[in-house]
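Reader: I would like to learn how to read a few side-chain and backbone features in a model. Please start with charges and rings.

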Amino acid sequence: MKKNYYQRLAFMGMLLIILFTFQKYTSKEKEDFSDVKFISESTIPLSLSEFEPNELDEKQWKNLGFSEKQIATILNYKKIVGGRFTSKEQFKKCYAVSPEKFAALETYILLPETNKEAKSSKFKSFERKSISISGRFNPDHYSANDWVKMGFSERQAEAILKYKSYLGGSFVSKEKFKECFIINDENYEKLERYLILPAKTPENFKNFAKNVYTGKPKIQYRSFDPNTLNIDGWKAFGFSEKQANTIVNYRDRNLRGSFKSLEDIQKCFVISAEKFEELRPYIKLNPSSLAKVDEKKLEVKQEKTDFSKTDLNSITFKQLLEFGMDERAAGSIIGFRKKLGGFVNKDQILTTYNIDKDLTQKLLAIAPLNTSNVPKYTLVDAPEEWLKNHPYFKYSADKIIFYRISEHDEKKIWKLLKIKPEYEARMKLYLK
(Lines give C-alpha, C1' and ligand atoms only; values in the text may rest on other atoms or scores of the structure.)
Protein backbone atom coordinates (compact mmCIF):
# COMPACT_ATOMS: atom_id res chain seq x y z
CA MET A 1 0.00 0.00 0.00
CA LYS A 2 2.76 2.37 0.93
CA LYS A 3 4.59 1.61 -2.30
CA ASN A 4 1.54 2.50 -4.40
CA TYR A 5 1.03 5.71 -2.43
CA TYR A 6 4.61 6.88 -3.04
CA GLN A 7 4.39 5.98 -6.71
CA ARG A 8 1.27 8.13 -7.11
CA LEU A 9 2.88 11.00 -5.21
CA ALA A 10 5.99 10.83 -7.43
CA PHE A 11 3.81 10.75 -10.55
CA MET A 12 1.89 13.89 -9.44
CA GLY A 13 5.17 15.68 -8.68
CA MET A 14 6.59 14.88 -12.12
CA LEU A 15 3.37 16.06 -13.78
CA LEU A 16 3.54 19.43 -11.96
CA ILE A 17 7.21 19.90 -12.94
CA ILE A 18 6.33 19.21 -16.60
CA LEU A 19 3.43 21.69 -16.49
CA PHE A 20 5.55 24.49 -14.96
CA THR A 21 8.35 23.87 -17.48
CA PHE A 22 5.88 23.95 -20.39
CA GLN A 23 4.35 27.23 -19.14
CA LYS A 24 7.77 28.85 -18.74
CA TYR A 25 8.94 28.13 -22.26
CA THR A 26 5.67 28.72 -24.09
CA SER A 27 4.45 31.90 -22.35
CA LYS A 28 5.24 35.29 -23.89
CA GLU A 29 6.39 38.32 -22.10
CA LYS A 30 3.73 40.92 -21.49
CA GLU A 31 3.73 43.24 -24.48
CA ASP A 32 4.17 46.96 -23.92
CA PHE A 33 1.34 48.87 -25.57
CA SER A 34 2.40 52.28 -24.24
CA ASP A 35 3.27 53.52 -27.73
CA VAL A 36 0.10 52.32 -29.39
CA LYS A 37 -2.03 55.15 -30.73
CA PHE A 38 -5.61 54.61 -31.76
CA ILE A 39 -6.98 56.11 -34.95
CA SER A 40 -9.55 58.77 -34.19
CA GLU A 41 -12.27 60.11 -36.42
CA SER A 42 -11.00 62.23 -39.24
CA THR A 43 -11.32 65.91 -38.64
CA ILE A 44 -12.39 68.64 -41.03
CA PRO A 45 -9.54 69.72 -43.32
CA LEU A 46 -7.91 73.03 -42.50
CA SER A 47 -8.75 74.29 -45.97
CA LEU A 48 -12.50 74.12 -45.33
CA SER A 49 -14.42 76.87 -47.15
CA GLU A 50 -18.07 77.65 -47.73
CA PHE A 51 -19.89 74.97 -49.70
CA GLU A 52 -23.31 74.19 -51.17
CA PRO A 53 -24.26 70.71 -49.86
CA ASN A 54 -26.48 70.03 -52.89
CA GLU A 55 -23.46 70.23 -55.20
CA LEU A 56 -21.12 67.90 -53.29
CA ASP A 57 -20.32 64.45 -54.65
CA GLU A 58 -19.26 61.41 -52.59
CA LYS A 59 -15.57 62.35 -52.74
CA GLN A 60 -16.24 65.86 -51.44
CA TRP A 61 -18.40 64.56 -48.58
CA LYS A 62 -15.51 62.21 -47.72
CA ASN A 63 -13.13 65.19 -47.68
CA LEU A 64 -15.42 66.77 -45.08
CA GLY A 65 -14.73 63.81 -42.76
CA PHE A 66 -17.81 61.62 -43.32
CA SER A 67 -17.58 57.82 -43.62
CA GLU A 68 -18.98 55.91 -46.61
CA LYS A 69 -22.03 54.82 -44.59
CA GLN A 70 -22.68 58.40 -43.44
CA ILE A 71 -22.34 59.67 -47.01
CA ALA A 72 -24.83 57.06 -48.26
CA THR A 73 -27.26 58.13 -45.51
CA ILE A 74 -26.87 61.84 -46.36
CA LEU A 75 -27.47 61.22 -50.08
CA ASN A 76 -30.52 59.02 -49.35
CA TYR A 77 -31.89 61.64 -46.97
CA LYS A 78 -31.46 64.28 -49.68
CA LYS A 79 -33.62 62.14 -52.00
CA ILE A 80 -36.27 61.78 -49.29
CA VAL A 81 -36.55 65.56 -48.79
CA GLY A 82 -37.10 66.18 -52.50
CA GLY A 83 -33.68 65.86 -54.10
CA ARG A 84 -31.97 68.85 -52.48
CA PHE A 85 -31.46 70.48 -49.09
CA THR A 86 -33.32 73.78 -48.81
CA SER A 87 -31.96 75.04 -45.48
CA LYS A 88 -29.43 74.42 -42.69
CA GLU A 89 -32.37 73.51 -40.47
CA GLN A 90 -33.30 70.66 -42.82
CA PHE A 91 -29.70 69.46 -43.25
CA LYS A 92 -29.25 69.36 -39.47
CA LYS A 93 -32.10 66.82 -39.15
CA CYS A 94 -30.13 64.17 -41.08
CA TYR A 95 -29.15 61.72 -38.32
CA ALA A 96 -25.82 60.95 -40.04
CA VAL A 97 -24.76 64.51 -39.15
CA SER A 98 -23.99 64.65 -35.44
CA PRO A 99 -24.61 67.89 -33.49
CA GLU A 100 -20.83 68.33 -33.10
CA LYS A 101 -20.26 67.84 -36.84
CA PHE A 102 -23.06 70.24 -37.75
CA ALA A 103 -21.66 72.88 -35.38
CA ALA A 104 -18.26 72.60 -37.11
CA LEU A 105 -19.79 72.89 -40.59
CA GLU A 106 -22.65 75.32 -39.97
CA THR A 107 -20.86 78.58 -40.75
CA TYR A 108 -19.58 77.19 -44.06
CA ILE A 109 -22.92 75.89 -45.42
CA LEU A 110 -24.30 78.01 -48.27
CA LEU A 111 -27.96 77.59 -47.33
CA PRO A 112 -30.50 79.81 -45.55
CA GLU A 113 -30.91 79.18 -41.82
CA THR A 114 -34.54 77.95 -41.86
CA ASN A 115 -37.10 76.51 -44.27
CA LYS A 116 -39.12 79.71 -43.90
CA GLU A 117 -36.18 81.82 -45.08
CA ALA A 118 -35.56 79.40 -47.95
CA LYS A 119 -38.98 80.20 -49.38
CA SER A 120 -38.30 83.94 -49.47
CA SER A 121 -36.91 85.59 -52.61
CA LYS A 122 -33.89 86.72 -50.60
CA PHE A 123 -32.23 83.34 -51.09
CA LYS A 124 -32.66 82.81 -54.80
CA SER A 125 -28.88 83.14 -55.11
CA PHE A 126 -28.55 79.63 -53.68
CA GLU A 127 -30.07 78.13 -56.80
CA ARG A 128 -27.60 76.21 -58.90
CA LYS A 129 -26.39 77.98 -62.04
CA SER A 130 -24.65 76.62 -65.10
CA ILE A 131 -21.01 77.58 -65.59
CA SER A 132 -20.10 79.52 -68.73
CA ILE A 133 -16.46 79.96 -69.80
CA SER A 134 -15.39 82.42 -72.51
CA GLY A 135 -11.81 81.16 -72.96
CA ARG A 136 -8.52 80.26 -71.26
CA PHE A 137 -7.87 82.16 -68.04
CA ASN A 138 -5.61 82.29 -64.97
CA PRO A 139 -7.84 81.87 -61.88
CA ASP A 140 -5.24 83.72 -59.76
CA HIS A 141 -6.24 86.92 -61.59
CA TYR A 142 -10.00 86.50 -61.14
CA SER A 143 -11.92 88.75 -58.77
CA ALA A 144 -15.17 87.82 -57.02
CA ASN A 145 -17.09 89.62 -59.75
CA ASP A 146 -15.36 87.50 -62.42
CA TRP A 147 -16.39 84.27 -60.68
CA VAL A 148 -19.99 85.55 -60.38
CA LYS A 149 -20.06 86.34 -64.12
CA MET A 150 -18.91 82.76 -64.75
CA GLY A 151 -21.98 81.43 -62.93
CA PHE A 152 -21.01 81.08 -59.27
CA SER A 153 -23.01 82.79 -56.52
CA GLU A 154 -21.50 85.74 -54.66
CA ARG A 155 -20.84 83.65 -51.55
CA GLN A 156 -19.30 80.87 -53.61
CA ALA A 157 -17.05 83.43 -55.29
CA GLU A 158 -15.97 84.71 -51.89
CA ALA A 159 -15.27 81.12 -50.77
CA ILE A 160 -13.07 80.49 -53.83
CA LEU A 161 -11.04 83.63 -53.07
CA LYS A 162 -10.76 82.63 -49.42
CA TYR A 163 -9.42 79.22 -50.48
CA LYS A 164 -6.86 80.94 -52.75
CA SER A 165 -5.79 83.07 -49.79
CA TYR A 166 -5.42 79.92 -47.66
CA LEU A 167 -3.06 78.47 -50.28
CA GLY A 168 -0.90 81.57 -50.03
CA GLY A 169 -2.44 83.85 -52.64
CA SER A 170 -2.21 81.46 -55.61
CA PHE A 171 -4.01 78.29 -56.69
CA VAL A 172 -0.50 76.94 -57.58
CA SER A 173 -1.70 74.10 -59.82
CA LYS A 174 -4.75 72.42 -61.34
CA GLU A 175 -4.44 69.77 -58.62
CA LYS A 176 -4.79 72.36 -55.86
CA PHE A 177 -7.54 74.21 -57.72
CA LYS A 178 -9.54 70.97 -57.91
CA GLU A 179 -9.32 70.56 -54.11
CA CYS A 180 -11.41 73.72 -53.55
CA PHE A 181 -14.67 72.55 -51.92
CA ILE A 182 -16.76 74.85 -54.10
CA ILE A 183 -15.43 73.27 -57.31
CA ASN A 184 -17.22 69.93 -57.74
CA ASP A 185 -16.07 67.30 -60.25
CA GLU A 186 -18.62 68.34 -62.85
CA ASN A 187 -17.55 71.99 -62.82
CA TYR A 188 -13.87 71.07 -62.68
CA GLU A 189 -14.21 69.00 -65.86
CA LYS A 190 -15.68 72.07 -67.59
CA LEU A 191 -12.96 74.39 -66.27
CA GLU A 192 -9.86 72.17 -66.41
CA ARG A 193 -8.84 72.67 -70.07
CA TYR A 194 -9.25 76.46 -69.77
CA LEU A 195 -7.06 76.87 -66.67
CA ILE A 196 -3.69 78.54 -67.18
CA LEU A 197 -2.01 76.66 -64.35
CA PRO A 198 0.59 73.86 -64.07
CA ALA A 199 -1.00 70.42 -64.00
CA LYS A 200 1.02 69.22 -60.98
CA THR A 201 1.78 70.88 -57.65
CA PRO A 202 5.47 71.88 -57.21
CA GLU A 203 7.41 69.71 -54.76
CA ASN A 204 8.43 72.83 -52.82
CA PHE A 205 4.79 73.96 -52.58
CA LYS A 206 5.00 74.88 -48.86
CA ASN A 207 7.95 77.21 -49.39
CA PHE A 208 6.34 78.51 -52.54
CA ALA A 209 3.14 79.36 -50.66
CA LYS A 210 5.11 81.23 -48.00
CA ASN A 211 6.90 83.30 -50.62
CA VAL A 212 3.71 84.13 -52.48
CA TYR A 213 1.73 85.06 -49.38
CA THR A 214 2.19 88.73 -48.58
CA GLY A 215 0.50 88.60 -45.18
CA LYS A 216 -2.36 90.75 -43.90
CA PRO A 217 -2.82 94.09 -45.60
CA LYS A 218 -1.38 96.99 -43.62
CA ILE A 219 -4.07 98.80 -41.65
CA GLN A 220 -4.52 102.47 -42.47
CA TYR A 221 -5.42 104.09 -39.16
CA ARG A 222 -7.25 107.43 -38.99
CA SER A 223 -8.90 109.50 -36.29
CA PHE A 224 -12.30 108.12 -35.32
CA ASP A 225 -15.10 108.44 -32.79
CA PRO A 226 -15.72 104.96 -31.30
CA ASN A 227 -19.32 105.94 -30.52
CA THR A 228 -20.22 106.45 -34.19
CA LEU A 229 -18.12 103.65 -35.69
CA ASN A 230 -20.19 100.79 -37.16
CA ILE A 231 -19.22 97.14 -37.69
CA ASP A 232 -17.55 97.82 -41.05
CA GLY A 233 -15.54 100.62 -39.47
CA TRP A 234 -14.16 98.30 -36.77
CA LYS A 235 -13.41 95.66 -39.41
CA ALA A 236 -11.38 98.24 -41.35
CA PHE A 237 -9.14 98.51 -38.27
CA GLY A 238 -8.29 94.80 -38.43
CA PHE A 239 -11.02 93.20 -36.34
CA SER A 240 -12.91 90.14 -37.57
CA GLU A 241 -16.67 90.37 -38.12
CA LYS A 242 -17.36 88.53 -34.84
CA GLN A 243 -15.00 90.82 -32.93
CA ALA A 244 -16.55 93.92 -34.54
CA ASN A 245 -20.03 92.68 -33.58
CA THR A 246 -18.86 92.08 -30.01
CA ILE A 247 -17.43 95.61 -29.73
CA VAL A 248 -20.63 97.21 -31.05
CA ASN A 249 -22.84 95.05 -28.78
CA TYR A 250 -20.60 95.83 -25.79
CA ARG A 251 -20.98 99.56 -26.52
CA ASP A 252 -24.73 99.52 -27.24
CA ARG A 253 -25.88 97.03 -24.60
CA ASN A 254 -23.38 96.93 -21.74
CA LEU A 255 -22.48 100.63 -21.88
CA ARG A 256 -25.96 101.83 -22.91
CA GLY A 257 -24.87 103.22 -26.26
CA SER A 258 -21.53 104.97 -25.71
CA PHE A 259 -17.92 104.68 -24.56
CA LYS A 260 -17.50 107.39 -21.90
CA SER A 261 -13.72 107.08 -21.61
CA LEU A 262 -10.65 105.32 -22.97
CA GLU A 263 -10.94 102.88 -20.06
CA ASP A 264 -14.34 101.75 -21.33
CA ILE A 265 -12.75 100.81 -24.66
CA GLN A 266 -9.78 99.13 -22.98
CA LYS A 267 -12.11 96.93 -20.91
CA CYS A 268 -13.69 95.34 -24.02
CA PHE A 269 -12.20 91.82 -23.93
CA VAL A 270 -11.79 91.46 -27.72
CA ILE A 271 -9.48 94.50 -27.83
CA SER A 272 -6.06 93.27 -26.72
CA ALA A 273 -3.62 95.54 -24.85
CA GLU A 274 -1.40 95.72 -27.95
CA LYS A 275 -4.35 96.58 -30.20
CA PHE A 276 -5.55 99.25 -27.80
CA GLU A 277 -2.12 100.91 -27.83
CA GLU A 278 -2.26 100.95 -31.66
CA LEU A 279 -5.71 102.55 -31.60
CA ARG A 280 -5.18 105.01 -28.70
CA PRO A 281 -3.60 107.89 -30.72
CA TYR A 282 -6.53 107.86 -33.16
CA ILE A 283 -9.43 107.66 -30.68
CA LYS A 284 -11.40 110.90 -30.50
CA LEU A 285 -14.29 110.82 -28.04
CA ASN A 286 -16.55 113.50 -29.49
CA PRO A 287 -18.58 115.28 -26.75
CA SER A 288 -21.40 115.95 -29.23
CA SER A 289 -21.88 112.20 -29.87
CA LEU A 290 -22.05 111.57 -26.12
CA ALA A 291 -24.67 114.31 -25.83
CA LYS A 292 -26.74 112.74 -28.62
CA VAL A 293 -26.64 109.37 -26.88
CA ASP A 294 -27.80 110.95 -23.63
CA GLU A 295 -30.65 112.69 -25.51
CA LYS A 296 -31.76 109.38 -26.93
CA LYS A 297 -31.74 107.87 -23.45
CA LEU A 298 -33.97 110.67 -22.24
CA GLU A 299 -36.36 110.11 -25.14
CA VAL A 300 -36.55 106.40 -24.34
CA LYS A 301 -37.21 107.13 -20.68
CA GLN A 302 -40.02 109.50 -21.62
CA GLU A 303 -41.75 106.85 -23.76
CA LYS A 304 -43.03 104.68 -20.93
CA THR A 305 -44.70 101.34 -21.60
CA ASP A 306 -48.28 100.77 -20.48
CA PHE A 307 -47.80 97.32 -18.94
CA SER A 308 -51.54 96.87 -18.36
CA LYS A 309 -51.84 96.56 -22.17
CA THR A 310 -48.62 94.61 -22.79
CA ASP A 311 -49.10 90.90 -23.47
CA LEU A 312 -46.69 88.68 -21.51
CA ASN A 313 -46.28 86.50 -24.61
CA SER A 314 -45.03 89.47 -26.65
CA ILE A 315 -43.29 91.62 -24.03
CA THR A 316 -39.75 92.51 -25.14
CA PHE A 317 -36.37 92.32 -23.44
CA LYS A 318 -36.17 96.13 -23.26
CA GLN A 319 -39.66 96.39 -21.74
CA LEU A 320 -38.71 93.92 -19.01
CA LEU A 321 -35.62 96.04 -18.27
CA GLU A 322 -37.86 99.10 -18.18
CA PHE A 323 -40.08 97.40 -15.60
CA GLY A 324 -37.02 97.05 -13.36
CA MET A 325 -35.69 93.56 -14.07
CA ASP A 326 -31.97 93.01 -14.59
CA GLU A 327 -30.61 91.65 -17.89
CA ARG A 328 -30.19 88.13 -16.52
CA ALA A 329 -33.81 87.86 -15.38
CA ALA A 330 -35.18 89.45 -18.57
CA GLY A 331 -33.09 87.10 -20.72
CA SER A 332 -34.28 84.05 -18.75
CA ILE A 333 -37.96 84.94 -19.19
CA ILE A 334 -37.61 85.62 -22.94
CA GLY A 335 -35.52 82.46 -23.42
CA PHE A 336 -37.92 80.21 -21.47
CA ARG A 337 -40.91 81.63 -23.35
CA LYS A 338 -39.21 80.95 -26.69
CA LYS A 339 -38.48 77.32 -25.75
CA LEU A 340 -42.08 76.77 -24.64
CA GLY A 341 -43.53 78.46 -27.71
CA GLY A 342 -45.34 80.85 -25.39
CA PHE A 343 -46.68 80.83 -21.82
CA VAL A 344 -50.05 79.17 -21.18
CA ASN A 345 -50.48 80.45 -17.63
CA LYS A 346 -48.74 83.03 -15.45
CA ASP A 347 -47.51 80.46 -12.93
CA GLN A 348 -45.03 79.20 -15.53
CA ILE A 349 -43.26 82.56 -15.50
CA LEU A 350 -42.67 82.22 -11.75
CA THR A 351 -40.79 78.94 -12.35
CA THR A 352 -38.22 80.73 -14.53
CA TYR A 353 -34.66 80.71 -13.20
CA ASN A 354 -32.73 83.87 -12.16
CA ILE A 355 -35.79 86.08 -11.54
CA ASP A 356 -36.83 88.31 -8.68
CA LYS A 357 -40.13 86.63 -7.76
CA ASP A 358 -41.56 89.64 -5.90
CA LEU A 359 -40.93 91.95 -8.85
CA THR A 360 -42.25 89.30 -11.26
CA GLN A 361 -45.43 88.93 -9.18
CA LYS A 362 -46.03 92.67 -9.59
CA LEU A 363 -45.67 92.36 -13.37
CA LEU A 364 -48.03 89.37 -13.50
CA ALA A 365 -50.64 91.29 -11.52
CA ILE A 366 -50.59 94.10 -14.10
CA ALA A 367 -49.88 92.56 -17.52
CA PRO A 368 -52.38 90.35 -19.42
CA LEU A 369 -51.54 86.97 -21.00
CA ASN A 370 -52.82 86.10 -24.47
CA THR A 371 -52.47 82.37 -25.23
CA SER A 372 -54.25 82.30 -28.60
CA ASN A 373 -51.01 82.02 -30.60
CA VAL A 374 -49.38 79.29 -28.50
CA PRO A 375 -48.99 76.13 -30.67
CA LYS A 376 -50.76 73.05 -29.35
CA TYR A 377 -50.93 69.48 -30.69
CA THR A 378 -52.14 66.01 -29.80
CA LEU A 379 -49.68 63.30 -28.75
CA VAL A 380 -50.39 61.55 -32.05
CA ASP A 381 -49.78 64.45 -34.45
CA ALA A 382 -47.15 66.52 -32.57
CA PRO A 383 -44.08 67.08 -34.79
CA GLU A 384 -41.01 65.09 -33.71
CA GLU A 385 -38.79 68.16 -33.60
CA TRP A 386 -41.31 70.00 -31.42
CA LEU A 387 -41.46 67.06 -28.98
CA LYS A 388 -37.67 66.79 -28.78
CA ASN A 389 -37.12 70.52 -28.19
CA HIS A 390 -40.04 71.40 -25.91
CA PRO A 391 -38.92 71.59 -22.23
CA TYR A 392 -41.97 69.64 -21.04
CA PHE A 393 -41.83 66.86 -23.64
CA LYS A 394 -38.17 66.36 -24.60
CA TYR A 395 -37.42 63.73 -21.90
CA SER A 396 -40.37 61.58 -23.04
CA ALA A 397 -40.17 62.43 -26.77
CA ASP A 398 -38.53 59.18 -27.92
CA LYS A 399 -41.09 57.08 -26.02
CA ILE A 400 -44.01 59.06 -27.42
CA ILE A 401 -42.68 58.73 -30.97
CA PHE A 402 -42.19 54.98 -30.47
CA TYR A 403 -45.57 54.23 -28.83
CA ARG A 404 -47.66 56.23 -31.29
CA ILE A 405 -46.37 54.14 -34.22
CA SER A 406 -48.70 51.32 -33.19
CA GLU A 407 -51.06 53.08 -30.79
CA HIS A 408 -53.35 56.00 -31.73
CA ASP A 409 -55.40 56.18 -28.55
CA GLU A 410 -53.90 58.95 -26.39
CA LYS A 411 -55.20 57.45 -23.15
CA LYS A 412 -53.31 54.24 -23.85
CA ILE A 413 -50.16 56.19 -24.77
CA TRP A 414 -50.35 57.99 -21.40
CA LYS A 415 -50.60 54.63 -19.61
CA LEU A 416 -47.55 53.32 -21.48
CA LEU A 417 -45.53 56.44 -20.68
CA LYS A 418 -46.00 56.03 -16.91
CA ILE A 419 -45.24 59.69 -16.19
CA LYS A 420 -45.64 61.37 -12.80
CA PRO A 421 -49.01 63.17 -12.50
CA GLU A 422 -47.39 66.61 -12.09
CA TYR A 423 -45.34 66.12 -15.29
CA GLU A 424 -48.38 64.88 -17.17
CA ALA A 425 -50.37 67.92 -16.04
CA ARG A 426 -47.86 70.44 -17.37
CA MET A 427 -47.49 68.52 -20.65
CA LYS A 428 -51.25 68.66 -21.15
CA LEU A 429 -51.07 72.47 -21.08
CA TYR A 430 -49.68 72.27 -24.63
CA LEU A 431 -51.98 69.53 -25.92
CA LYS A 432 -55.33 69.99 -27.64
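Author: A charge sits over a ring if NZ of Lys or CZ of Arg is within 6 Å of the ring centre and within 35 degrees of the ring normal. The model shown here is predicted. In this model Lys428 lies over the face of Trp414, at 5.2 Å from the ring centre. Another case is Lys275, whose charged end sits over the ring of Phe239, 5.3 Å from the ring's centre.

Reader: How many aromatic pairs are there?

Author: Two rings pair if their centres lie within 6.5 Å, and planes under 30 degrees apart count as stacked, over 60 as edge-to-face. By this rule the count comes to 24 aromatic pairs. One of them joins Trp61 and Phe66, an edge-to-face pair with 5.7 Å centre to centre and 75° between the planes. Trp61 also pairs with Phe91, and this pair is stacked, at 5.9 Å centre to centre with 20° between the planes.

Reader: Which helices hold Trp61 and Phe91?

Author: Trp61 lies in helix H2 (residues 58-63) and Phe91 in helix H4 (residues 88-92), so the pair ties together parts that are 30 residues apart in sequence.

Reader: Are Trp61 and Phe91 buried or exposed?

Author: Buried means under 20% relative accessible area. Trp61 is at 0%, Phe91 is at 0%, and Phe66 is at 4%; each counts as buried.

Reader: Which residues of H8 are buried?

Author: In H8 the buried residues are Gln156, Ala157, Ala159, Ile160, Tyr163 and Lys164. Seen down the axis of H8, these buried residues fall within an arc of 160°, so they line one face of the helix. Their cover includes helix H7 (144-150) and H9. Tyr163 also belongs to an aromatic cluster with Phe137, Tyr142, Trp147, Phe152, Phe171 and Phe177.

Reader: What span does H8 reach, and what is expected?

Author: H8 has 13 residues and reaches 18 Å from its first C-alpha to its last, close to the 18 Å expected at 1.5 Å a residue. Gly168 follows H8, and its phi is positive, near 110°.

Reader: Where is a positive phi found in a residue other than glycine?

Author: Val172 has phi near 75°, and Lys418 has phi near 55°. Val172 is in the loop between helix H8 (154-166) and helix H9 (174-178). Lys418 is in the loop between helix H23 (410-417) and helix H24 (421-427). Val172 is buried, with a relative accessible area of 6%, whereas Lys418 is exposed, with a relative accessible area of 72%.

Technical notes
Residues are numbered from 1 along each chain as its sequence is written. This is a predicted model: local features need pLDDT of at least 70, side-chain atom pairs count only at pLDDT 80 or more; totals for chains, interfaces and linings use all residues. Side-chain values use heavy atoms; hydrogens and water are left out. Helices (H or I, at least four residues) and strands (E, at least two) are DSSP runs, numbered from the N terminus. Buried means under 20% relative accessible area, exposed over 50%, partly exposed in between (1.4 Å probe, protein chains only). The expected span of a helix is 1.5 Å times one less than its number of residues. The arc is that of the directions from the helix axis to the C-beta atoms. Contact means heavy atoms within 4.5 Å. Rings of Phe, Tyr and Trp (its six-membered ring) pair if their centres lie within 6.5 Å; planes under 30 degrees apart count as stacked, over 60 as edge-to-face and the rest as tilted.
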